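Please open the model in your viewer and keep the selection tool handy. We will walk through it stop by stop.

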Amino acid sequence: MTAAAREEILKEVARLIREVVGEAWIEEAEIGLDTSFSEDLELESIEFVALGEKLQSRYGGGVDFVGWLSGKELDEILALRVGNLVELIAQCP
Amino acid sequence: MPLIETNGLRLNAVELGDGRPVVMLHGLLVGSSASWYFTSAPTLARGHRVLLVDLRGHGRSDRPREGYDSRTMARDVVGVLDAMGFGGPIALVGHSYGALVALRLALEWPERVEKLALVEAPLPPSRLPDLQAFFALDRSKMAEALPQVTRQFLDRRGRQADKLLHTLAELSFETSLLEDVRREPDPPDAELARVRDPLLVYGEQSSCREVGERLARVMPGARLVVLPGGHNLHLDSTAALTASLEGWLRG
């Protein structure tokens with residue numbers, strides 16, 4: 001996958017995060033590959049669930065977000081960064 | 001997924017996976033569909049259609065002032081099942097007060113429940129360990145009665161802590177939740193005996209553990225599993241709880 005394609009996915013993931021949070025501050029917040037969902041963005045767990053649903057409906061069955069989560073421990077999930085999601089999407093057909 | 005209108009309010013539910021239906025209910029206050037979404041649900045969703053319901057007042061569901069008794073909440077869940085096309089019998093899992101809602105649903109709508117798993121169901125409900133501690137605390141001390149992972153958020157004092165404290169304060173002081181839980185009746189043994197072959201899961205260190213022994217005595221064919229951990233077994237013993245639930249679904 002090209003850097004440009006990854007950049008596209010990052011933009012899309014950032015857009016979905018802003019949609020889920022729906023508060024003024026997130027419009028200004030910088031969202032990059034290194035941005036952590038919990039530490040930096042301080043997403044609530046229920047917002048992360050909503051993001052998962054949005055990813056699933058945006059990318060369909062090709063991106064197995066739930067299957068990907070099933071292999072992770074809770075502290076790994078809490079440590080996730082935007083780049084981890086971009087990577088997941090980039091690797092899917 | 002759009003919110004579901006039922007019982008005069010809008011409720012949120014999250015669906016994952018495909019296969020035979022499994023419905024999972026969370027505990028009160030800090031619980032939501034996320035409680036199962038980040039623990040057992042993804043594994044169960046490999047072979048099942050899993051539905052996680054945000055109970056009234058929790059997650060992204062509406063937060064009405066009243067109706068936090070198990071009967072009203074069970075009716076909410078039935079409304080969600082109808083709206084989502086879960087018409088046939090389901091496998092139903094509940095944690096803590098969500099287990100009491102699940103139990104109530106199984107007693108009132110036995111035709112809707114094929115099998116029942118109760119994780120840390122507290123009886124009588126007013127003895128719910130988290131809540132008991134909660135009743136005694138003033139607002140500033142509430143955080144100490146919460147699960148470890150929740151406390152980590154609170155310690156950082158950022159947005160997650162603010163949102164969580166706001167939710168806790170609203171549920172505790174602006175709804176009838178605590179009062180409804182206090183008033184929730186203890187089901188008599190004869191009623192409990194109508195539930196057959198349930199899976200009962202309790203934590204070794206939980207103050208509810210003796211309840212598991214009572215239910216195992218009273219409910220015919222019950223299987224009691226005791227796992228390492230306290231009341232919040234989905235956090236304390238995630239892998240073992242998930243494995244128990246998988247075995248129960250296969251059996």
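What percentage of the 251 residues in chain B do buried residues make up? The share is 49%, where a residue is buried if 20 or more other C-beta atoms lie within 10 Å of its own, exposed if 12 or fewer, and partly exposed in between, with C-beta atoms placed from the backbone.

Before you click further, note that this is a predicted model, in which local features need pLDDT of at least 70 and side-chain atom pairs count only at pLDDT 80 or more, while totals for chains, interfaces and linings use all residues. Residues are numbered from 1 along each chain as its sequence is written, and chains are lettered from A and ligands numbered from 1 in the order in which they are written.

**Stop 1: chain B as a whole**

Color chain B by secondary structure and you will find twelve helices and nine strands. Helices (H or I, at least four residues) and strands (E, at least two) are DSSP runs, numbered from the N terminus. Of the contacts in chain B between residues at least 6 apart in sequence, 70% join residues at least 24 apart; a contact here means that two C-beta atoms, placed from the backbone, lie within 7 Å.

**Stop 2: the sheet**

Now show the strands of chain B. Seven of them form an open, mixed sheet in the order β3-β5-β4-β6-β7-β8-β9; two strands pair if DSSP finds at least two bridges between them. At the edges are β3 and β9 (223–227) of chain B, each pairing on one side only. From one strand to the next, the twist averages 20°.

Start at β3 (residues 13–16) of chain B, which runs antiparallel to β5(B) and is joined to it by four bridges. Select B:Ala13 and you will see B:Val53 of β5(B) opposite. Next, select β5 (residues 48–53) of chain B: five of its six residues are buried, so this strand is largely enclosed by the rest of the structure. Strand β4 (residues 20–25) of chain B runs parallel to β5(B), with six bridges between them, and B:Met24 stands opposite B:Leu52.

**Stop 3: strand β6 of chain B**

Move on to β6(B), which runs parallel to β4(B) with four bridges joining the two. B:Leu25 has B:Gly94 in β6(B) as its bridge partner. Then look toward β7(B): β6 (residues 90–95) of chain B pairs with β7(B) in the parallel sense over six bridges. Here B:Leu92 stands opposite B:Leu116, and B:Val93 stands opposite B:Ala117.

Is β6(B) enclosed or open? Six of its six residues are buried, so β6(B) is largely enclosed by the rest of the structure. In a regular strand the side chains alternate between the two faces of the sheet.

**Stop 4: backbone details**

Zoom in on the peptide bond from B:Leu123 to B:Pro124, which is cis, with omega near -10°. B:Pro124 sits in the loop between β7 (113–119) and α5 (129–136) of chain B.

Next, select B:Asp197, in the loop between α9 (189–192) and β8 (199–203) of chain B. B:Asp197 has a positive phi of about 55° although it is not a glycine, and it is partly exposed, with 13 other C-beta atoms within 10 Å.

**Stop 5: over to chain A**

Select A:Glu42, another residue other than glycine with a positive phi, near 55°. You will find A:Glu42 in the loop between α2 (24–28) and α3 of chain A.

Now show α1 (residues 3–21) and α6 (residues 82–91) of chain A, which pack at an angle of about 120° with their axes 10 Å apart. Axes are lines fitted to C-alpha atoms, for helices over the stretch in contact, and angles run from 0 to 180 degrees between N-to-C directions. To see who meets whom, select A:Arg6, A:Ile9, A:Leu10 and A:Val13 in α1(A) together with A:Val82, A:Leu85, A:Val86, A:Ile89 and A:Ala90 in α6(A).

**Last stop: where the chains meet**

Finally, show both chains: twelve residues of chain A are in contact with 23 residues of chain B. On the chain A side, α3 (45–59), α4 (65–70) and α5 (74–78) each supply at least two residues.
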